[in-house]
Amino acid sequence: MYFFLKFSLFRRIFLLNEVSLYERRLSKRGSNTIRLQLISKTELSIQGNLELSRSIRNLTRELAINKKGNYFFNDHNELENRLIKKLKLMLNMTRNDNDPTCHKCNSINYCAVGRASKILDNCPMKMHPDIEKKAKELYKKDEFVKRSTGVASIVEAKGYIHWPRLKDTIEYAKGMGYTKLGLAFCVGMIEEAKRIAEILEKYGFEVVSVCCKTGAVKKVDVGVPEEYTMISKTGYTIGWITCNPVAQALLLNNSSTDMNVLVGLCVGHDINFTRLSEAPVTTLIAKDRSSPHNPAAILFSHYGKEFFAAELKNIRRLEMKKKKE
Ligand code: SF4
């Protein structure tokens, strides 16, 4: 068993200390050893621990095996990024010291006024100037990003504090030149969807909409365990028909909408929808059943604090119990 990295492939990404960290981790877990060798600019040899190498092989769809048993890839950068991510995950390196933690900073005094953090060493402006530069280039080179950024900033400046989010959405769509909008809405928000459509139509948009229960697919037919159907664990009727964000996205794709608007899709269903939607997606209403669809409301309210205090106390209690067993 051995671990080998051909530096010509990884030079730009692996800092020396990262490499030694990988090696140390790998040597502690002897079975997790693998050999990655760059054969040519587009050919990679993968050998070593079977399970690990299989995971690496599976991690990128662009890899195609050739007769010699090596793997072909098209995009160097993409391959590097994916390999690094996968390696870190496999070696339980969920976060290293270089990862950004902007929530611990006081951004209003730093990046928001044009300078890097003085209180965090892992400020991405200091740790990753290459990535910040790449992002900057995208604002110039990527036509969609360029346009969308400009329109969003104009909307912000024009309506700041005065405009509701629906008006921001309308102005953004107008600024982008969109005429056909899709609504992906939750069955529990049919009245909201009707009102949104009515307003959008008055502003001249063509509106297409799809309800989350479209297709009438049974939850058990998409792999949901029976015990999580019909009645929620909190005692409410939730039914046996699954939300169907996949069909919502496919139907709106079929209608060639210019932009899709999420109206109260559940967490997870919204992710599936966003993943499959061909048109750009914006969220108008983020579902939060506990606080009439205002997820921010719980953050600083008494009820939100009480809820998480009780929840976390319970988690700690269970952990302690487990440790004692
Ligand atoms: S100054 Fe740096 S660390 Fe602080 S919020 Fe901005 S980018 Fe993040």
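Predicted model: local features only at pLDDT ≥ 70, side-chain atom pairs only at ≥ 80, totals over all residues.
N122 is worth a look next. This asparagine belongs to the loop that runs between α4 (76–90) and α5 (124–127). With 18 other C-beta atoms within 10 Å, N122 counts as partly exposed, because a residue needs 20 or more such neighbours to be called buried and 12 or fewer to be called exposed. N122 also sits 7.3 Å from T101, C-alpha to C-alpha, although 21 residues separate the two in sequence.

Further along the chain, attention turns to a pair of helices. Two packed helices are described by the angle between their axes and the distance between the axes. For α10 (residues 245–254) and α11 (residues 269–276), the angle is about 30° and the axes lie 8 Å apart. The two helices therefore run roughly parallel, since angles under 35 degrees fall into that class. As for handedness, α10 and α11 make a right-handed crossing. On the α10 side, the contact is built from P245, V246, Q248, A249 and L250, while α11 brings in H269, N272, F273 and L276. Taken together, the residues of this contact split into six nonpolar and three polar, and again none is charged.

Helix α10 also has a buried side to its story. Its buried residues are P245, A247, Q248, A249 and L252. Of these, P245, Q248 and A249 are also listed in the contact with α11. The cover over the buried residues of α10 includes helix α11 itself, along with the strands β6 (180–185), β7 (206–211) and β10 (259–263). After α10 comes S256, a residue with a positive phi, near 55°.

Stepping back to the whole protein, the fold is made up of 13 helices and eleven strands. Of the 325 residues, 16% are buried, and the five named for α10, P245, A247, Q248, A249 and L252, are among them. Sequence separation can be looked at across the whole chain too: taking the contacts between residues at least 6 apart in sequence, 52% link residues that are at least 24 apart.

Conventions
Residues numbered from 1 in each chain as written. Axes fitted to C-alpha atoms, helices over the stretch in contact; angles between N-to-C directions. Helix = DSSP H or I, 4+ residues; strand = E, 2+ residues; numbered from the N terminus. Parallel < 35°, antiparallel > 145°, perpendicular 65-115°, else oblique. Left-handed = near helix turned anticlockwise from the far one by under 90°. Contact = placed C-beta atoms within 7 Å. Nonpolar A, V, L, I, M, F, W, Y, C, P; charged D, E, K, R; others polar.
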